[in-house]
Amino acid sequence: MLPWFNLNSLLMGPELISDTYLALFLAQLQQEGYSIFVVKGDLPDCEADQLLQMIRVQQVQRPKLIGEETAQSRDQR
């Protein structure tokens with residue numbers, strides 16, 4: 001099974017999500033009133049999917065929110 005990624009545009013990069021966290025994350029989004037869309041069907045083959053089948057993915061650090069790093073550097077001054 002391929003990993004899940006949070007592609008939130010407010011993050012500086014993709015966030016790797018476990019199956020367990022995915023369920024909790026979707027429940028939280030639904031509770032907060034966000035719309036969740038599901039795409040079903042056969043999607044075209046993708047080079048990224050092929051790579052993820054060969055290599056185990058690990059994320060050492062969660063991506064920061066856009067602007068979070070600049071706010072932290074301003075606070076340190």
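So, is Val38 buried or exposed? With 65% relative accessibility, Val38 counts as exposed; the cut-offs are under 20% relative accessible area for buried, over 50% for exposed and partly exposed in between, with a 1.4 Å probe and protein chains only.

Quick housekeeping. This is a predicted model, where local features need pLDDT of at least 70 and side-chain atom pairs count only at pLDDT 80 or more, while totals for chains, interfaces and linings use all residues. Residues are numbered from 1 along each chain as its sequence is written, and side-chain values use heavy atoms, with hydrogens and water left out.

Back to Val38, which sits in the loop between helix H1 (19-31) and helix H2 (47-54). Helices here are DSSP runs of H or I with at least four residues, strands are E runs of at least two, and both are numbered from the N terminus.

Now, helix H1. Tyr21 and Phe25 are both in there, 4 residues apart, about one turn of the helix. The structure has 1 aromatic pair, and Tyr21 and Phe25 form it, stacked, at 5.6 Å centre to centre and 20 degrees between the planes. For Phe, Tyr and Trp (its six-membered ring), a pair needs ring centres within 6.5 Å; under 30 degrees between planes is stacked, over 60 edge-to-face, and the rest tilted. Tyr21 is partly exposed at 34%, whereas Phe25 is buried at 17%.

Last stop: Glu15 and Arg62 meet in a salt bridge, 3.1 Å from N to O (a Lys or Arg side-chain nitrogen within 4 Å of an Asp or Glu carboxyl oxygen). Glu15 lies in strand S2 and Arg62 in the loop between H2 and helix H3, so the pair ties together parts 47 residues apart in sequence.
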